[in-house]
Amino acid sequence: MAMNVGQESSDEDEVVSTINTTPLVDVMLVLLIIFLITIPVVLHDIAVNLPKERNQPRKTKPENITISVNKEGDVFWGQELITDNEKLVARLKKEAVKDPQPEVHIRGDLGARYESIGRVVFDCQRASIVKVGFILEPPANNAGG
């Protein structure tokens, strides 16, 4: 028994010049089905008026108390120098009973000792001030790099 593996004819050397479009049609049909399924989901949104973005810097309220501590450890209430811790506590206690209670914003110098700023935080605690925050320098925007 003999088996014929290849034909010895000249027809084998011809180049097939037609494109097999069957895989292309299969892919196109699959894409068409996917689009037909997803288009109704995209089109049936509920009409909602969304709020516009507003980026406004937070304004300091006039009722907020600003306490500054300079590099030497001197404490200032606004522009007024406070020389005694007990005077600071007494003034903070007067402010603590107000409704709504004002916030205390501490502006500490970069070179100030932690002890000086910590003493102001402790005085706020003794006076029952609920909200104490620190004011920081915002980072500079380096657009160039």
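Is E115 buried, partly exposed or exposed? At 45% relative accessibility, E115 counts as partly exposed, where buried means under 20% relative accessible area, exposed means over 50%, and partly exposed lies in between, with a 1.4 Å probe and protein chains only.

Before that, a word on what we are looking at. This is a predicted model, in which local features need pLDDT of at least 70 and side-chain atom pairs count only at pLDDT 80 or more, while totals for chains, interfaces and linings use all residues. Residues are numbered from 1 along each chain as its sequence is written, and side-chain values use heavy atoms, with hydrogens and water left out.

Let me start with the sheet. It is an open sheet of five strands in the order β3-β2-β1-β4-β5, with mixed pairing. β3 (80–82) and β5 stand at its edges, each with a single partner strand, so one side of each has no neighbour in the sheet. From one strand to the next the twist averages 30°. As for the terms, helices (H or I, at least four residues) and strands (E, at least two) are DSSP runs numbered from the N terminus, and two strands pair if DSSP finds at least two bridges between them.

Now the helices. Helix α3 (residues 114–126) forms a right-handed β-α-β unit together with β4 and β5, right-handed meaning that, with the strands pointing away from the viewer, the path from the first strand over the helix to the second runs clockwise. α3 lies across β1, β2, β4 and β5, and runs at about 170° to β4, whereas helix α2 (residues 85–96) lies across β1, β2 (75–77), β3 and β4, at about 30° to β2. Contact here means heavy atoms within 4.5 Å, and the angles, from 0 to 180 degrees, are taken between N-to-C directions of lines fitted to C-alpha atoms, for helices over the stretch in contact.

That brings me to the charged side chains. A search of the whole structure finds six salt bridges, each being a side-chain nitrogen of Lys or Arg within 4 Å of a carboxyl oxygen of Asp or Glu. In one of them E115 meets R113, at 3.3 Å from N to O, and R113 counts as exposed at 57% relative accessibility. In another, the side chains of K98 and E95 meet at 2.9 Å, N to O; K98 is partly exposed, with a relative accessible area of 45%, while E95, at 17%, counts as buried.

Finally, R126 and D123 meet in a salt bridge of 3.6 Å, N to O. Because they are three residues apart in helix α3, R126 and D123 are separated by about one helical turn. R126 is partly exposed at 34% relative accessibility, whereas D123, at 1%, is buried. E86, D123 and R126 are linked in a network of salt bridges.
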